[in-house]
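Trainee: I am new to this structure and would like a close look at a single part, the place where the two chains meet. Please take me through that part step by step.

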Amino acid sequence: MTDALLRLDGLTKAYPGVVANSDVTFQIKPGEVHALLGENGAGKSTLVKTIYGLVKPDAGQMHFGGVPFAPANPHAARAAGVAMVFQHFSLFEALSVAENVALGMDDPPGRRQLSASIREVSAAYGLPLDPERLVGDLSAGERQRVEIVRCLLQNPKLLIMDEPTSVLTPQEVEILFHTLRKLASEGTSILYISHKLEEIRALCEDATVLRLGKVVGTCDPREKTAAELAEMMVGSALHVPERTGGEAGEVLLEVSSLSLPAPNEFGTALRDISFSLRAGEILGIGGVAGNGQDELLAALSGESLAAPGTVKLSGQDVSRARPDARRRLGLLSAPEERLGHSAAPGMSLTENALLTGEIREELTANGFIRWAKARGFAERIIEAFDVRTPGTETAAGALSGGNLQKFVIGREILQKPRVFVVNQPTWGVDAAAAAQIRQAVLDLASEGAGVIVISQDLDELMEISDHFSALNEGRLAPIRIARGLSIEEIGLMMGGAHDMQDVAPEARA
Amino acid sequence: MKLKLERRAAPSALVSGATPVLAVIATMIAGGVMFWALGANPAEAIRIIFWDPLFGDFASYTRGQLLIKAGPLILIAIGLSLGFKAGIWNIGAEGQYIIGAVVGAGVGLAFYPTESRLIFPLMVLAGAFGGWAWAMIPALLKTRLGTNEILVSLMLVYVAQNILASMSTGLLRNPDGMGFPGSRNIARDFPAAANPELIAGTGIHWGVVAALIAVIFAYVLMTRHRMGFQIRLAGEAPKAARFGGVRPRRLILFTLGMGGALAGLAGLFEVAGPAGQISIDFNSGYGFTAIIVAFLGRLHPLGILLAGLLMALTYIGGELAQTMIGMPAAAIQLFQGMLLFFLLAMDVFANYRIRLGRTEVKA
């Protein structure tokens, strides 16, 4: 067993009410790209935080390079040779690349020397970076490079990557994979965390599958189909959503030359967006996070008001109408952020049903709330969308992500929208709930509503959309018919590689 | 073995309700130690503060004082709680209280010595208007220019104090007062404008009645009306509130306006009743103490009712302790400070639970 770089033995960690990891045992060999696969909530994050010294296990041991390994904090983990790239970047936008790298190092060298080594390392691994540029000016892919370079400067023996591709275009993913393969060929082990099966099949040599905190299998992902991997991950065969009937009808929503300045410093301006949406149609809008998705939803929901004449619902100008007025006309929406935007976490499900249901479900009379009716509406949502909750008076924040998402989507769909706009309908939702939500969206379109699905999950968009477009820096690419679009075409619509160079295309070991 | 704080999945409703009681008990214990260190009998001091105002030798006098003090505290705290619930921090109720009193008394005194049943109601409206208008300054600056309402409302307190001083030595000075600062005594010399004790010996005046009405009004608003729901929503999740159709500006205008109007009313009832006249030192900190009352009452109308009574009790009990056993005024203020301190400290237990040693693992 001495040939393993990292060996985990019976790692267990419990939080109040949930066992995040239970008796987790596996090992990573030197120079191996090892996948850690599992649904949201399967315990992947807790496990890697344990390895990185952020979480102390309740039981179990780790060995790193043959010696017992129990990092008290990330500093100790880094000193031992473990580096981690987090899903959410920890970078300061107002500082330069070099300054950000220095901040993340335990013992940064001098400024000039650091810049030189950043250039050197980034060039060697096909991740060109200018150390003097401000991080605020970089694309998501380039920001990730900063994080990776920061890790590489410490010559790690093990590099942990947590969902690294969720912010990348397909082209950027390809470049990242080249880098990772080159690293592995030089002997660095990589622990790659993802729930994207095709990526894992393309990159990893070994996989450990987690379900509900337990290891449920190990395999060579290259020898399994995506469906087999999914089944290991979920534990049962998945229901694939189906489309029934539904012909595109009259134009319901017409957006013409919609431009909006960025709502804040870190927002994205919408630039000259035009499209129309017909009854029974599902328009999928892809794009890398932060390219105007939130802003587009806000402009359609009425949270941001646009210039007159830019948003029309069945010919009626609603550009200046507020969210409640748009709801009255049948334009409903569900923003991406569940906790705090589409739902108030501290309030009960009844109160959250009232949040958007007040007008169409007539939950108030003369300004006074009809609580019994609101509770009835919440009960109908829970029933129709199989929301697992002790009852209607449970706080929304106490529900799991998938259950709350079902509640939020159900709340809008039960109000019979004519146009429904949803951002990231299945983000952070387990596979079974995701399939159910997609089916509900398909059914809504079959019944004659127009639906806009904004998502960063391209597989999801391809599965349910009639038409496809992508947001890139606040611009909407020309709308194409979804069926038959190649992954390259989609990637180009999303902005291609954002001019990042792939200088190590032949680095496959 | 070590102590660990563990976040609760949801705040415990039981503990949340019990913390004010626990805080009072903890204050009694810690305060008792302090009184003992000052050379007093702790049990006697606690009895004088909490028991004697209601049932002691001077209870016939102090019981009336209780409602006189609690009335304005509750009235102001109710108004403040609406804003606090929505995350709008009006710290300047003291100023709104002063301006309400000045405008209300000014309108009343303008009719002196006319006798009409309409004068007092008119003064009530004017008092509410004065407080409302003073609160509209931070409200409009916030909605138009994005200024911070905490700073603006607080600084306007000092402006109001100077207006008060100017009024009592200038415009509203009693023409028959031989040059002394201060207005005519409305309560004593101007029956049509006075806010008398309604039931002798109880301390109940129109301000106490208004406070009770405000409690009921706030309770219905917060639990039954859309506006109350929107206020809670905005405080809980501002983005969700916008998404739900709440107009943040309207909410700012409404809650600051209500807070100002109620504080103004409290000022008017005070100047026309217990205080009797506009004077330089007319304000006595009700507007600031009401902030404590609002939080002590958990921003809940019924809680504020109880907290207002409790706070008034410690004031009167504190005064008794000063006169009867010679406790210094600073010790009494420290005692009241302890109450807020323990309340905030106890809040930790509503959101966290304490664990001893390592967590046992259940597989």
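Mentor: Buried area is the accessible area, taken with a 1.4 Å probe, that two parts lose on being put together, summed over both. The model here is a predicted one. Between chain A and chain B the buried area is about 2,500 Å², and carbon and sulfur atoms give 60% of that area. In terms of residues, 35 of chain A are in contact with 21 of chain B.

Next come the polar links. Eleven residue pairs are in polar contact between chain A and chain B, counting pairs with both residues at pLDDT 80 or more. The rule also finds three salt bridges across this interface. One salt bridge joins the side chains of Glu337(A) and Lys239(B), with 2.8 Å from N to O.

On the side of chain A that touches chain B, the elements that give two or more residues are strand S1 (6-15), helix H10 (323-329), strand S16 (331-334), helix H11 (349-357) and strand S18 (368-369). Helix H11(A) gives the most to that side, with four residues. Sorted by class, this side of chain A holds 16 nonpolar, ten polar and nine charged residues.

Asn283(B) lies in the loop between helix H12 (248-272) and helix H13 (286-296) of chain B. Asn283(B) counts as buried because its relative accessible area is 14%, and the cut-off for buried is under 20%. The side chain of Asn283(B) makes a polar contact of 2.9 Å with that of Glu94(B).

Note on methods. Residues numbered from 1 in each chain as written. Chains lettered and ligands numbered in written order. Predicted model: local features only at pLDDT ≥ 70, side-chain atom pairs only at ≥ 80, totals over all residues. Heavy atoms only, no water. Buried < 20%, exposed > 50% of the residue type's maximum accessible area, 1.4 Å probe, protein only. Polar contact = N/O pair within 3.5 Å; in protein donor to acceptor, adjacent residues only side chain to side chain. Contact = heavy atoms within 4.5 Å. Salt bridge = Lys/Arg side-chain N within 4 Å of Asp/Glu carboxyl O. Nonpolar A, V, L, I, M, F, W, Y, C, P; charged D, E, K, R; others polar.
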